[in-house]
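I opened a new notebook page for this protein.

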Amino acid sequence: MTTPGFRPTHVVPPHGMPAWEAPDPARPTVPLDPLLPVRLMERRGDWGRVLCSNGWSAWVDGRYLVAVPQDPPRSDAPLATAADPRPLLGRAEEALARYRAAVEELADAGLDGEAFRRRTRGLRIGVVVDGEDVWLYDTARERWLYGDGTRLSTYAADRAPEAAEAAQDHTATRIVHPDRESR
């Protein structure tokens, strides 16, 4: 059950992460799932206490949390072909239909567990709709996109940019953490 009004400040890294009952390595608890939205509630050095949408909290290595922008980008621009959400929505519908068909066949005993795993291997889908806001997972580019009904923009990526993208000249950015002293 999701806590009403829950707004994440971070997500768990794509590989998941260990968690602890207290900021003490001797007190491990259940690890957090990959890309789980959480709210960072408290910092103690590298430790961070996070709150999950179901009200459960745990301590994690706060350095590995991925920050979520608080205000997703919005645009009043007309729908651009490259940013049109409809192709991704169509692929998500197709993937969901394939998964549902496999689940139904498994439930009807038409598939065994191994056949089900083969049929669903490689299927990945990610869709979150919250009113006019949508987050879609682009499996081809391994990234989350945010849309406000008019266009999509990259929200988070699972991997580093391709070599051609990385070779572009980008101005250096200095990350400033308000909870740490200047060095």
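The entries below follow that order.

**Entry 1: the model.** I note at the start that this is a predicted model.

**Entry 2: overall make-up.** I looked up the secondary structure and found three helices and 11 strands. Reading from the N terminus, I wrote down the order of elements as β-β-β-β-β-β-β-α-α-β-β-β-β-α. The protein has 183 residues, and I find 27% of them buried. I then checked the contacts with a separation of 6 or more, and 45% of these join residues 24 or more positions apart.

**Entry 3: surface.** The protein exposes about 12800 Å², I noted, and 53% of this comes from carbon and sulfur atoms. Which residues form a nonpolar patch on the surface? I listed Leu89, Leu96, Ile125, Val127 and Val129, which together have about 420 Å² of accessible area. Two elements, α1 (86-107) and β8 (127-130), each give two or more residues to the nonpolar patch. Val127 has a relative accessible area of 38%, so I count Val127 as partly exposed.

**Entry 4: salt bridges.** Side chains of opposite charge can pair when their charged atoms come close. I looked up the number of salt bridges in the structure and found 13.

**Entry 5: Arg86 and Asp84.** I found a salt bridge between Arg86 and Asp84, with 2.6 Å between the closest N and O atoms. Are the two partners buried or exposed? Arg86 is exposed, because its relative accessibility is 55%. Asp84 is buried, because its relative accessible area is 14%, and the cut-off for buried is under 20%.

**Entry 6: Glu114 and its partners.** I looked up Glu114 next and found a salt bridge with Arg117, the closest N and O atoms being 3.4 Å apart. Arg117 and Glu114 are three residues apart in helix α2 (residues 113-120), so about one helical turn separates them. I have Arg117 as partly exposed, at 46% relative accessible area. Glu114 is also partly exposed, at 36% relative accessibility. Arg118 forms a salt bridge with Glu114 as well, at 3.9 Å from N to O. Arg118 and Glu114 are four residues apart in helix α2, so here too the separation is about one helical turn.

**Entry 7: a network.** Last, I looked for salt bridges that share partners, and noted that such bridges join Glu42, Arg44 and Arg49 into one network.

How values were computed: Residues are numbered from 1 along each chain as its sequence is written. This is a predicted model: local features need pLDDT of at least 70, side-chain atom pairs count only at pLDDT 80 or more; totals for chains, interfaces and linings use all residues. Side-chain values use heavy atoms; hydrogens and water are left out. Buried means under 20% relative accessible area, exposed over 50%, partly exposed in between (1.4 Å probe, protein chains only). Contact means heavy atoms within 4.5 Å. Accessible areas come from the Shrake-Rupley method with a 1.4 Å probe; for residues, only the protein chains shown count as cover. Patches are made of residues with over 30% relative accessible area and no salt bridge: like charges are joined within 9 Å, nonpolar side chains (Val, Leu, Ile, Met, Phe, Trp, Tyr) within 5 Å. A salt bridge is a side-chain nitrogen of Lys or Arg within 4 Å of a carboxyl oxygen of Asp or Glu.
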